[in-house]
Amino acid sequence: MARVWECSRHGGTELLALLALADFADDEGMAFPSVGTLARKCRLQPRRMNYILASLQESGELEIRANKGRLGTNLYRIKLKSEGLHSSAGVHSGAGVHSTASPPCTPVREPLHSSADKPSLTIKEPSSSKKSVPDFFEEFYKAYPRKVSKANAIKAFRAVKVGRNELPKLLADIQRRLSCGEWVPTHEKMQFIPHPATYLNGRRWEDEVPAGDQSANKPWEGAL
């Protein structure tokens, strides 16, 4: 728990959930409480707890192995890295400089050859990420109601190879979920909307529409 307090980047409910997991964990950060147990400990509903656990996994601070714990529960591993050196780190008392060691070499600041050109300080490597992202990604991101982890969303958009012909399907699905009330983009309920990267990686726009949801049959009318 002390390591979570010191190293986690999260706050609020996510930090509370991580502390609850740490309370069950061993020295290696491994724990396997049920979702219901974690929800009761954090005073939350199990559905809300599942969203928070997914968010912690996406942030990289938690690893979840489904059904790998005792009695079929999930196995959790808290993954935190301390910044800087450990407080006990230092130079060994017997360490020193050898008496015959040569002095460090003075770096050469100018070209050795008189006719050599000086290196340019303005050359920049081209950004491969910008070139490989389709220009219509911004249309999707503008329509998506929860705008978090844009870099991860770009990676997912590129990984699942969304084509321009699929873009209307994504936009129509977003509109449907907002229209039927499945997604409510308010401050209190925003956490129930998955991160855009999660939505893309799961190809959620291909989910089967529940019976009675007629909003999916309506044409998409434009960007949100």
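Predicted model: local features only at pLDDT ≥ 70, side-chain atom pairs only at ≥ 80, totals over all residues.
Reader: Which residue of strand 3 is the bridge partner of Met30?
Author: Strand 1 (residues 30-31) and strand 3 (residues 75-78) pair in the antiparallel sense, over 2 bridges. Met30 has its bridge partner in strand 3, and that partner is Arg77.

Reader: How many bridges join strand 2 to strand 3?
Author: Strand 2 covers residues 62-65 and runs antiparallel to strand 3. In strand 3, Arg77 is the bridge partner of Glu63. The number of bridges joining strand 2 to strand 3 is 4.

Reader: How far apart are the end C-alpha atoms of helix 2?
Author: Helix 2 takes in residues 12-24, which is 13 residues. At 1.5 Å a residue the helix should span 18 Å. The distance in the model agrees with this: 19 Å.

Reader: Which helices and strands do the buried residues of helix 2 pack against?
Author: The buried residues of helix 2 are Leu15, Ala17, Leu18, Leu19, Ala20, Leu21 and Ala22. They pack against helix 1 (2-7), helix 3 (35-41), helix 4 (46-59), strand 1, strand 2 and strand 3.

Reader: What is the nearest side chain of opposite charge to Arg146?
Author: Arg146 lies in the loop between helix 6 (137-143) and helix 7 (150-159). Leaving aside residues up to four places away in sequence, Arg146 touches Met190, Gln191, Ile193, Pro194, His195 and Pro196. Arg146 is buried but has no salt bridge, a contact that calls for a distance within 4 Å. At 5.5 Å, the nearest side chain of opposite charge is Glu14.

Terms used. Residues numbered from 1 in each chain as written. Heavy atoms only, no water. Pairing = 2+ DSSP bridges. Expected span 1.5 Å × (residues − 1). Buried < 20%, exposed > 50% of the residue type's maximum accessible area, 1.4 Å probe, protein only. Contact = heavy atoms within 4.5 Å. Lys, Arg positive; Asp, Glu negative; His and termini not counted.
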